[in-house]
Amino acid sequence: MVAFYGDNFSSRLLIGTALYPSPAIMQQAIRASGADLVTVSVRRETAGGKTGDAFWSLIRELGVKVLPNTAGCHSVREAVTTAKLARELFGTPRIKLEVIADSETLQPDVIGLVEAAAVLIKDGFEVYPYCTEDLGVAQRLVDAGCRVIMPWAAPIGSARGITNREALKLLRQRLPDITLVVDAGLGAPSHAAEALELGYDAVLLNTAVAKAEDPVAMAKAFRMAVDAGRTAFEAGLMTPRDFASPSTPVVGTPFWHAAS
Amino acid sequence: MRVTVNGEQKEVAATRIDALLGELEFEGTHFAIAVNYDVVPKARWAETALADGDTVEILTPRQGG
């Protein structure tokens, strides 16, 4: 169980709805992932088209809650308006806030992000900001009223895994009361497990599942990894040591004799 | 009247949002609409007047990450 802005969710795996080979595989993969919060977007409809209706009915069938995003927004104005449109369309105050600085790297514009977050929080939104691993930025987002922070592991869709482990550890340590989600850049279930082992509350991913050879099986693998990582965190990991320490008892070792 | 709908210039007869949807044959049921960056709730589509040069965004749910 994990809480986002006071709402409880059973899964610590948040999953995206894009890039799957087919709508049927998307549904099967989301079911296999166990996720009960999925990301969606708002996009232009074509005249005469019912693409939005068709997609929305697929999501409704899954019985999951949605986290709309502001993907592709490059300014505070675009992001704020897109968030309001998403609230109108999906009837939820949740918004995964993205303000993009660079189209090639999809690096967050952290200055615009803080500004947009403040505007949206004042307007009653529950903001899930996609940000870098920078502690100063995270603190500004918390000051603006964010109770969830979503630092990247690596660039969106890169599958590199956690590239700045020390900074993510520092965020966890310094923001103990904030719900932390690693969002973007995870490629393998082991990456997700690592995030949970670090004490992150959840992970959000899309490409790693959707672009796997078998997305349904990969969704299941991520589900197990997230469970493993969380269980390990709760169990309390031992502290790494520089040198060896025998696990087998030394006392009674055959042929042992005291040095003379 | 000339308006921009989803980035395309259109010459339309409609003067209100609900009429614009009908005229351009938007037949779906799940839309969110912004006029000049202001969100117009569904309850106000019938009463919201369009002006020449307005920019209208007609949006629907879609896949996202």
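Reply: Strand β3 of chain A, residues 13–16, pairs with strand β10 of chain A, residues 202–205, in the parallel sense, and three bridges hold the pairing. This is a predicted model, and the description below should be read as such. Within the pairing with β10(A), A:Leu13 has A:Val203 as its bridge partner. β3(A) also pairs with strand β4 of chain A, residues 37–44; the two strands run parallel and are joined by two bridges. Here A:Gly16 stands opposite A:Thr39 of β4(A).

The side chains and faces of β3(A) come next. A:Leu13 and A:Ile15 point one way from the strand, while A:Leu14 and A:Gly16 point the other way. Are these four residues buried or exposed? All of them are buried. For chain A as a whole, buried residues make up 51% of the 260 residues.

Chain A has nine helices and ten strands. Its C-alpha trace spans about 90 × 40 × 35 Å along the principal axes. Of the contacts in chain A between residues at least 6 apart in sequence, 67% join residues at least 24 apart.

Two helix pairs of chain A can be described in turn. Two packed helices are described by the angle between their axes and the distance between the axes. Helix α1 of chain A, residues 23–33, and helix α2 of chain A, residues 51–62, cross at roughly 25°, and their axes come within 10 Å. An angle under 35 degrees counts as roughly parallel, so α1(A) is roughly parallel to α2(A). The crossing of these two helices, α1(A) and α2(A), is right-handed. On the side of α1(A) the contact is made by A:Pro23, A:Met26, A:Gln27, A:Ile30 and A:Arg31. On the side of α2(A) it is made by A:Phe55, A:Leu58, A:Ile59, A:Glu61 and A:Leu62. Sorted by class, the contact of α1(A) with α2(A) has seven nonpolar residues, one polar residue and two charged residues.

A:Val64 touches residues from both sides of that contact. A:Val64 lies in the loop between α2 and β5 (65–68) of chain A. Not counting residues up to four places away in sequence, A:Val64 touches A:Ile30, A:Ala35, A:Asp36, A:Val38 and A:Ile59. Among these, A:Ile30 belongs to the α1(A) side of the helix contact and A:Ile59 to the α2(A) side. A:Val64 has a relative accessible area of 18% and is therefore buried, the cut-off being under 20%. The C-alpha atoms of A:Val64 and A:Val119 are separated by 27 Å, and the two residues are 55 apart along the chain.

In passing α5(A), α4(A) makes a right-handed crossing. From α4(A), the residues that meet the partner helix are A:Val110, A:Leu113, A:Val114 and A:Ala117. From α5(A), they are A:Val137, A:Arg140 and A:Leu141. The contact of α4(A) with α5(A) divides into six nonpolar residues, no polar residues and one charged residue.

Some backbone angles remain. Most residues other than glycine have a negative phi. A:Ala184 is not a glycine, yet has a positive phi of about 90°. A:Ala184 lies in the loop between β9 (179–183) and α7 (189–197) of chain A. Its relative accessible area is 9%, so A:Ala184 is buried.

Chain B has positive phi values too. B:Asn36 takes a positive phi of about 50° although it is not a glycine, and it is found in the loop between β3 (32–35) and β4 (38–40) of chain B. At 35% relative accessibility, B:Asn36 counts as partly exposed. Another case is B:Asn6, which takes a positive phi near 50° in the hairpin of β1(B) and β2(B), where two residues lie between the strands. Strand β1 of chain B, residues 2–5, and strand β2 of chain B, residues 8–11, run antiparallel and are joined by four bridges. B:Val5 stands opposite B:Glu8 of β2(B).

Key:
Residues are numbered from 1 along each chain as its sequence is written. Chains are lettered from A and ligands numbered from 1 in the order in which they are written. This is a predicted model: local features need pLDDT of at least 70, side-chain atom pairs count only at pLDDT 80 or more; totals for chains, interfaces and linings use all residues. Side-chain values use heavy atoms; hydrogens and water are left out. A crossing is left-handed if the near helix is turned anticlockwise from the far one by less than a right angle, and right-handed if clockwise. Contact means heavy atoms within 4.5 Å. Ala, Val, Leu, Ile, Met, Phe, Trp, Tyr, Cys and Pro count as nonpolar, Asp, Glu, Lys and Arg as charged, and the others, Gly among them, as polar. Buried means under 20% relative accessible area, exposed over 50%, partly exposed in between (1.4 Å probe, protein chains only). Two strands pair if DSSP finds at least two bridges between them. Axes are lines fitted to C-alpha atoms, for helices over the stretch in contact, and angles run from 0 to 180 degrees between N-to-C directions. Angles under 35 degrees count as roughly parallel, over 145 as roughly antiparallel, 65 to 115 as roughly perpendicular and the rest as oblique.
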